[in-house]
Amino acid sequence: MGYSFNVDLRGIVDLLSHHLYASPRVYVRELLQNAVDAITARRVLDPGAPGVVRIETGGGTLRVHDSGIGLTEQQVHELLATIGRSSKRDDLGFARHEFLGQFGIGLLSCFLVADEIRVSTRCGDAPAVEWVGHSDGHYEVGEGEARAEQGTTVTLVPRRGAEHWLRRETVVELARLFGSMLPIAVSVDGESMTTTLAPWQRDGDEPAGGRRARLDAYAEQVFGFRPFDVIDLDVPAAGLRGVAFVLPMPANPASRVAHRVYLKQMLLSESIEGLLPEWAFFVRCVVDTTELRPTASREALYEDGLLDQVRESLGGSLRGWLTALGRTDPRRLRLFLDVHHLGVKALAVHDDDMLRLIDQWWPFETNMGPLTLAEFRERYGVVRYIPSADEFRQLASVAAAQSIPVVNGGYVYDADLLRRLPGLGDGITTELLTANELAMRLDPLEPEAELAVRPFLTQAQRTLDPLGVEVLVRVFEPAGLPALYLLDSDTALQMDLRHGRDDADDLWSSILGSFTTSADSRPQLVFNHRNPLVRRAATLGDEHLVALAVEGLYVQALLLGHQPLRPADTAALNQSFLGLLERAMGESR
């Protein structure tokens, strides 16, 4: 035995009018949408029919008049009092492609601000009909007052506490916001709300530079900035046309990026997300579409294959603009990259065209000065890079002194781009340079010198063993640098894991132990045998004095390498300083 659902109409009205929409202000959009659809329906039968929407305020109510097709009594029951039966709307002609929406549900948004909605309508030669809907879910239908013209008038009687939504200043603001781009004349108390030219439109009579000046003024008014550039957008498959305004200031990649989207020239929302790829956070768009589907609240776009296609096409338009800028105006491209390099780098991680653009135009930090990757390859061949900014600060000057050019790959996306660089073509080679590899590139001592410094090396290792440091002696430039502290990212990670394991309880110690390697990876302190102070320390016969000197040189190397001092390192610094000071004062007596 079958049963029918029992539907609480009052609850449905409350759900649609109070929970479907984000703000009461959408009631003006829905009223305009219904009026425009009614005019469109009439023009299907009579292309020369008038197209006017007049909004009147005052007297404690809001009245919206349209010159549309109007409704018969049967259609009033079907369209205004039936929720969810789309087939009937289709039969009556209100689900055609050219309409903005479906008459009926949108009208319920008016219950956000009104306790009573009155609809007076006449279709053709049929008698006028009066429909009165109440927020408690009931309605009445009767014969309406005689109307001289075909069309519909919707009257809203405000609910208590919502009177301000129906005041003239509010209605003017909302009518201009939602309806300014409509091809149908909209007025509020006789004042026109529609503009003569939408941002995506062109006027052949505009003077040279006139459109750009118009769009600059629009961007300043709507988005609050004067754009770096304006990019025309066109996706025929979605009936989409529009413009993208390039931000003149840096944008946060993590910030919310929202765009202004119109549906058949009616504003859908000022804050549509997901229209562009995630990397395109450096533009704000204004677009009009005929094919993209809005969600039920008409405040977002429906995620489907067409939106994916639009997203890809718009991303292609932005890539094309960047590529063309590199060919036609390199100076302007450099200005753009100075502001928005982060967004282009994010794109270049996956896009070869953008990687080529970064390769040719974006200067990377190197120990030989700022150079593009193309310039670096032309001068030095292999692109050696250090993946961490901290490691680069440690090693850059020493590598330069050994005539080893190296790129800083420690900034966001840089290491990923450098790893992808060989894929741009044959003959491009990149090479990772770590602290351990640099140590291997430093010159070893001559056999006689190595034999002579062995006692010093043994004493230095004994002194620094408690601090977890491996000691080496090499020959390198600059000669004025007595010692070099080398710590690569892998070694630093293993050290952190070991320290965490030692300080944790048994459970966490076991977990952290599973991530540590069995190899005894330790940072290295490399003494420079070319430095006079090191050579002098290597000849000292006093073990205590050698230990003090080694501790002092160790902490100096930490500071020169921008390394933080642990409590044990601070203790070594104090011990060295006080010990050397005591020896000096004792000798002066």
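Select Phe228, Trp279, Phe281, Phe282, Trp321 and Phe336: ring pairs link these residues into a cluster. Rings of Phe, Tyr and Trp (its six-membered ring) pair if their centres lie within 6.5 Å; planes under 30 degrees apart count as stacked, over 60 as edge-to-face and the rest as tilted. This is a predicted model, in which local features need pLDDT of at least 70 and side-chain atom pairs count only at pLDDT 80 or more, while totals for chains, interfaces and linings use all residues. Residues are numbered from 1 along each chain as its sequence is written, and side-chain values use heavy atoms, with hydrogens and water left out.

The criterion is NZ of Lys or CZ of Arg within 6 Å of the ring centre and within 35 degrees of the ring normal. Next, select Lys345 and Phe364; the charged end of Lys345 sits over the ring of Phe364, 5.6 Å from its centre.

The structure holds 13 aromatic pairs. For one of these, select Tyr218 and Phe245: the ring centres are 6.1 Å apart and the planes lie at 25°, so the pair is stacked. Tyr218 is buried, with a relative accessible area of 13%, and Phe245 is buried at 0%. Buried means under 20% relative accessible area, exposed over 50%, and partly exposed in between (1.4 Å probe, protein chains only).

Now select Trp321 and Phe336, an edge-to-face pair with 5.1 Å centre to centre and 85° between the planes. Both Trp321 and Phe336 are buried.

Finally, select Met585, which is partly exposed, with a relative accessible area of 46%.
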